[in-house]
Amino acid sequence: MSGWNVILVLVLVAGASVAAWVFAPKGDSTTVWRSSIILTLAMCYIMWAITYLAQLHPLVSPKRSDLRPEYAE
């Protein structure tokens with residue numbers, strides 16, 4: 001578990017976005033299809049990356065609550 005997973009998934013999402021751009025159905029709504037798929041991939045990636053990094057490097061470290069006050073630090 002490291003921050004490299006975020007970079008790897010970014011490369012995968014970028015590849016999927018390029019595939020969505022190339023293989024979008026042709027017609028009147030091609031732009032809508034491309035925009036919808038690419039924006040969905042981007043927003044899902046951003047949400048996942050923020051959640052993953054927040055768990056990997058928490059701002060507040062967890063503290064045990066089952067210790068007596070004189071032993072807690």
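A residue is called buried when its relative accessible area is under 20%, exposed when that value is over 50%, and partly exposed in between, with a 1.4 Å probe and protein chains only. The model described here is predicted, so that local features need pLDDT of at least 70 and side-chain atom pairs count only at pLDDT 80 or more, while totals for chains, interfaces and linings use all residues. Residues are numbered from 1 along each chain as its sequence is written, and side-chain values use heavy atoms, with hydrogens and water left out.

Helix α1 spans residues 4–23 and includes S17; helices are DSSP runs of H or I with at least four residues, numbered from the N terminus. S17 is buried because its relative accessible area is 14%, and, when neighbours within four places in sequence are set aside, S17 is in contact with I38 and L41, contact being heavy atoms within 4.5 Å. On the same terms, V13 touches L41 and Y45.

V13 also belongs to the largest nonpolar core, whose five residues are V6, V13, Y45, A49 and Y52; such a core is a set of buried Ala, Val, Leu, Ile, Met, Phe, Trp, Tyr and Cys residues joined through side-chain atoms within 4.5 Å. Two or more residues of this core come from each of α1 and α2 (30–56), and α2 gives the most, with three.

W21, which also lies in helix α1, is partly exposed, since its relative accessible area is 48%.
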